[in-house]
2 protein chains.
Amino acid sequence: MKTGATSELRLDHYLEVQRARVELLLQKKLEGLADRTPARLLEAMRYSLLGGGKRLRPILCIAFAEAVCKGTAPGRVTDDAACALEYVHCYSLIHDDLPPMDDDDFRRGKATNHKVYGEAMAILAGDALLTEAFGVMLGGMEESRLHLARELAVAAGACGMVGGQALDIAEDRPSDEGYVIRVHRLKTGALIRAACRMGALSAGGTTAQLEAAGVYGDCVGLAFQIVDDILDVTADPKKVGKPTQRDQAKGRFTFPKVSGMPRSRTLANERVAMALAAISKIEPNPGPLTALARYSVERGT
Amino acid sequence: MKTGATSELRLDHYLEVQRARVELLLQKKLEGLADRTPARLLEAMRYSLLGGGKRLRPILCIAFAEAVCKGTAPGRVTDDAACALEYVHCYSLIHDDLPPMDDDDFRRGKATNHKVYGEAMAILAGDALLTEAFGVMLGGMEESRLHLARELAVAAGACGMVGGQALDIAEDRPSDEGYVIRVHRLKTGALIRAACRMGALSAGGTTAQLEAAGVYGDCVGLAFQIVDDILDVTADPKKVGKPTQRDQAKGRFTFPKVSGMPRSRTLANERVAMALAAISKIEPNPGPLTALARYSVERGT
């Protein structure tokens, strides 16, 4: 499909430029801590924070700020929100990889934090990144920072991301679609939703724009997760309807497993349609937000 | 000494009343999360947060707010700051007790969080308490909350409490007094200092009052730690000059070990004198802050 290909091409470029910018922002923020942070702790934080990644949350935050501001370059508050979101995402991965949690030895082709620095330091590096996320978000006098930091706390806390992790490790979790949606909506969706809302908020978005950003984030977050699960299966056709080895080891249920492949695809497509409807007023001419929503389901097809 | 006895008696009553008030505040805050937090996660958070403790940090926060306001009852912002400080303290204990860190089975005569809920849930309960600390601190529209939450982030983060923990588990740590002071100043001192400053800040304290609160917190925090180390030795005279069994197992150095008993006592007394001098303008007539500073060195003697 020609439109799709063109929009994907533009998106690649957009993502590459934004990612490079986010890398620089994150590097500078960490440098700001260097003279007062114990060297080994800083090294462990740096190893994971600057160890690659799609930077989806910061990019969504910046894209929403730009859409609300009609293309104006993002200001300092937006940049700080983008960094704070990645700090929180990064801490959650470090703690998630620990032996009592997922017990993963590798992430993004590199040894996980605790394999390099030991479990104690990995726990502390995660704790430090979570705390410094708020330090970064609150590092200025603008009143909007209070709202942004609150949004971050709600999305990352007991009723958001950490709550989702707790549901995901529950021993008696049911194997129905409703529960799987609930887990992902909290575990990964809450922070993606916050990224969209915080971007709009940092650029002075209206209540209607904030709500649209929330719907978009909720839907695109779930679509990404469903398609990740589908791609795990299609990468190896023998797995159709079965959880991946890692999911099985953890007793986790994937969308293809609980809902079947056709319904999983329908669910993902429905969410993207809802996301596109929600942002039609923020981004009237298809831009990066439209392209990102489409990409969430079109990848790998 | 008659004055000492009278002041200690009054202090006991003051601490008892304040502690009861803090318990109620913490209970109410947790109840506010109940309907949207997974039950097991909430239970693990509650187990440690409402599992006893001196509540030293919330009480210091409230006492400074009262001193700055000349005895007026603390407002909502002060109460929220007091709760946020205890959330952070509580999370740090849960993570500190984990097997890769101190590997403690008991705290305050009860099984530690991970012994009851498992290591994965204990990590998450700590993460949730740290995140919700900021949720509580940012749960209102007052501008002072921005400054208070920033103060909390700096004290608890990589250049504060977590930094101190990282120094404390470093393999190549030196055994000199300077290093031991640096570790404690960050590991326990930074949050106690923040408690004093946040109390003054929440009550609209002046820059001079904030500085005095900072000096008081720094000095009283260190005095408490030195006297804890001394009491560990005097409780069992055979230990004079030796680290406690647990400290030895961790390779930790205590004040009596690195500085000797007489110098440890002198150090503690010097800090208390500095604390008393610092608050003489905030609390011109000896009140709870004066009594607390004296108590930090007079206990057990």
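Predicted model: local features only at pLDDT ≥ 70, side-chain atom pairs only at ≥ 80, totals over all residues.
Chain A can be laid on chain B with an RMSD of 0.0 Å, and the structure holds 30 salt bridges over all chains. Happy browsing!

**How the two copies relate**

- Two copies of a chain are related by a rotation about an axis and a shift along it.

**Helix packing across the interface**

- Two packed helices are described by the angle between their axes and the distance between the axes.
- For helix α6 (residues 119-137) of chain A and helix α6 (residues 119-137) of chain B, the angle is about 10° and the axes are 10 Å apart.
- Angles under 35 degrees count as roughly parallel, and that makes α6(A) roughly parallel to α6(B).
- On the chain A side, the residues in this contact are A:D127, A:L130, A:T131 and A:F134; they meet B:D127, B:L130, B:T131 and B:F134 on the chain B side.
- By class, the contact of α6(A) with α6(B) has four nonpolar, two polar and two charged residues.
- An α-helix has 3.6 residues a turn, so residues three or four places apart point the same way.

**Helix packing within chain B**

- Helix α4 (residues 76-97) and helix α9 (residues 177-202) of chain B pack at an angle of about 170°, and their axes are 9 Å apart.
- With angles over 145 degrees counting as roughly antiparallel, α4(B) and α9(B) are therefore roughly antiparallel to each other.
- From α4(B) come B:V77, B:T78, B:A81, B:L85, B:V88, B:H89 and B:D96; their counterparts in α9(B) are B:K187, B:L191, B:A194, B:A195, B:M198 and B:S202.
- The residues of the contact of α4(B) with α9(B) divide into eight nonpolar, three polar and two charged.

**Salt bridges**

- A:R55 and A:E23 form a salt bridge whose closest N and O atoms are 2.7 Å apart.
- This pair links distant parts of the chain, 32 residues apart: A:R55 sits in the loop between α2 (39-49) and α3 (56-68) of chain A, and A:E23 sits in helix α1 (residues 2-33) of chain A.
- Both A:R55 and A:E23 are buried.
- A:D80 and A:K29 also meet in a salt bridge, at 3.0 Å from N to O.
- Here the partners are 51 residues apart, with A:D80 in helix α4 (residues 76-97) of chain A and A:K29 in helix α1 of chain A.
- A:D80 is buried, at a relative accessible area of 4%, whereas A:K29 is partly exposed at 28%.
- In chain B, B:R185 forms a salt bridge with B:D218, and their closest N and O atoms are 3.1 Å apart.
- B:R185 counts as partly exposed, at 36% relative accessibility.
- Through shared partners, salt bridges join A:K29, A:R76, A:D80, A:E142 and A:R145 into one network.

**Buried and partly exposed spots**

- Helix α8 (residues 161-168) of chain A is largely enclosed by the rest of the structure, because eight of its eight residues are buried.
- Among those buried residues are A:M161, A:Q165 and A:D168.
- The cover over the buried residues of α8(A) includes α4, α7 (144-156) and α9 (177-202) of chain A, together with α2 (39-49) and α6 of chain B.
- A:E151 lies in helix α7 of chain A and is buried, with a relative accessible area of 16%.
- Leaving aside its neighbours within four places in sequence, A:E151 is in contact with A:A194, A:R197, A:M198 and A:L201.
- B:D103, in the loop between α4 and β1 (106-107) of chain B, counts as partly exposed at 42% relative accessibility.
- The C-alpha atoms of B:D103 and B:H114 are separated by 9.6 Å, and the two residues are 11 residues apart along the chain.

Conventions. Residues numbered from 1 in each chain as written. Chains lettered and ligands numbered in written order. Heavy atoms only, no water. Axes fitted to C-alpha atoms, helices over the stretch in contact; angles between N-to-C directions. Helix = DSSP H or I, 4+ residues; strand = E, 2+ residues; numbered from the N terminus. Parallel < 35°, antiparallel > 145°, perpendicular 65-115°, else oblique. Contact = heavy atoms within 4.5 Å. Nonpolar A, V, L, I, M, F, W, Y, C, P; charged D, E, K, R; others polar. Salt bridge = Lys/Arg side-chain N within 4 Å of Asp/Glu carboxyl O. Buried < 20%, exposed > 50% of the residue type's maximum accessible area, 1.4 Å probe, protein only. Least-squares fit on C-alpha atoms with pLDDT ≥ 70 in both.
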